[in-house]
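Please find below some comments on the fold and overall dimensions of this model.

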Amino acid sequence: MATSDGDFSISLAPDFAISNLSLQLDLKLKGHLDTDPVNLNLDFTDWYLPEHTTGQTNQEYLISVLYHYSTFLRYAQWGQRYDKIFVRYGKLTGITLGDGALLNGYFDKSVPSRQARPGLDFMLDGQLLGVPNAGFEFLMDDLFSPTLTAWRIF
């Protein structure tokens with residue numbers, strides 16, 4: 001995005017995959033470009049630590065820091081759905097619960113498509129715990145301020 005007065009923002013979303021781990025970052029770069037004379041000023045204020053406010057406990061501050069930097073990660077995922085262990089942290093898209101009978105095709109539409117809330121989708125095959133033909137699934141749309149929490153034993 002760019003404006004006629006020289007302000008601009010660039011959004012980068014590089015993907016990385018190593019074995020069962022995949023992740024996508026959500027990096028935003030803002031700045032201002034003057035053309036006469038040529039001068040480029042980059043704005044990294046969104047990348048700085050949030051301010052530790054008066055009266056804020058260390059635990060509250062740590063949570064605000066975790067929340068702030070979680071916005072730089074669109075998602076991190078281990079495995080694929082229906083693997084013996086599946087974990088997805090970040091933007092939840094097309095989520096089902098109960099093979100679609102309980103929840104089908106959930107998309108987090110409370111934020112724009114280029115934004116992510118730190119959601120969690122976790123599935124564990126019971127055979128890993130010695131329980132055949134069973135498993136556990138947990139889903140939360142935002143770890144810091146959830147509006148959707150669901151789980152099932154199957």
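1. Strands E6 (residues 73-78) and E7 (residues 85-90) run antiparallel and are joined by 4 bridges. Within this pair, Gln77 stands opposite Arg88 of E7. The model is a predicted one, and the pairing should be read accordingly.

2. The E6-E7 pair belongs to an open sheet of 7 strands, ordered E2-E3-E6-E7-E10-E11-E12, with antiparallel pairing. At its edges lie strand E2 (15-18) and strand E12 (149-153), each of which pairs on one side only. From one strand to the next, the twist averages 5 degrees.

3. Taken as a whole, the protein chain contains 12 strands and 1 helix.

4. The C-alpha trace spans about 70 × 35 × 30 Å along its principal axes.

5. On burial and surface, 32% of the 154 residues in the protein chain are buried. The accessible surface comes to about 9,900 Å², and carbon and sulfur atoms contribute 61% of this surface.

6. As to contacts within the protein chain, consider those with a separation of 6 or more: residues 24 or more positions apart account for 42% of them.

Methods. Residues numbered from 1 in each chain as written. Predicted model: local features only at pLDDT ≥ 70, side-chain atom pairs only at ≥ 80, totals over all residues. Heavy atoms only, no water. Pairing = 2+ DSSP bridges. Helix = DSSP H or I, 4+ residues; strand = E, 2+ residues; numbered from the N terminus. Axes fitted to C-alpha atoms, helices over the stretch in contact; angles between N-to-C directions. Buried < 20%, exposed > 50% of the residue type's maximum accessible area, 1.4 Å probe, protein only. Contact = heavy atoms within 4.5 Å. Areas by Shrake-Rupley, 256 points an atom, 1.4 Å probe, with all protein chains shown as cover.
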